[in-house]
Amino acid sequence: ANDGIYQKYNYGNSLPYSSESVIGNDCMSCLAPNDADDDGGDDGGEVELTELCQEMYESSGKCEQDMSGLYYPNNGGCDYINNILPAISKVY
């Protein structure tokens with residue numbers, strides 16, 4: 001579309017996010033606040049992750065074929081990570 005077409009039909013307002021990204025660059029921590037356990041005791045300093053980060057990790061593609069110490073490595077995403085992603089990046 002021509003420059004200014006949005007402003008023409010929207011009372012001179014510019015197109016939202018036309019000069020800045022919708023997505024911010026801020027990071028959020030995956031560490032959950034380390035409160036006392038439900039029984040009032042301390043959890044011994046163990047780190048807990050937020051539910052959002054746990055769900056994102058569980059649903060992400062993984063290629064753990066060269067990782068030592070894993071009893072059941074997840075290699076379901078190896079083909080995608082090693083072959084398909086590089087091919088896509090060459091297009092763009």
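View 1. Accessible areas are Shrake-Rupley values with a 1.4 Å probe, and for residues only the protein chains shown count as cover. Tyr92 sits in the segment after α3; it counts as exposed because its relative accessibility is 81% (exposed is over 50%, buried under 20%, partly exposed in between, with a 1.4 Å probe and protein chains only).

**View 2. The bend in α3.** At Ile84 the helix bends by about 35 degrees, with a proline, Pro86, following within four residues. The bend is the angle between two fitted axes, one for the seven residues ending there and one for the seven starting there.

**View 3. Two tyrosines with positive phi.** Both Tyr11 and Tyr17 lie in the loop between α1 and α2. Tyr11 isn't a glycine, yet its phi is positive, about 55 degrees. Tyr17 has a positive phi too, near 60 degrees. Is Tyr11 buried or exposed? Exposed, because its relative accessible area is 82%.

**View 4. Cys53 and Ser29.** Cys53 belongs to helix α2, and it counts as buried because its relative accessibility is 14%. Ser29 is 24 residues away from Cys53 in sequence, with 8.8 Å between their C-alphas.

**View 5. The whole chain, for context.** The protein chain has 3 helices and 0 strands (DSSP runs numbered from the N terminus: H or I of at least four residues for helices, E of at least two for strands). Buried residues account for 8% of its 92 residues. Of contacts (heavy atoms within 4.5 Å) between residues at least 6 apart in sequence, 2% join residues at least 24 apart. The chain exposes about 8500 Å², with 52% supplied by carbon and sulfur atoms.

**Notes.** Residues are numbered from 1 along each chain as its sequence is written, and side-chain values use heavy atoms, leaving out hydrogens and water. As the model is predicted, local features need pLDDT of at least 70 and side-chain atom pairs count only at pLDDT 80 or more, while totals for chains, interfaces and linings use all residues.
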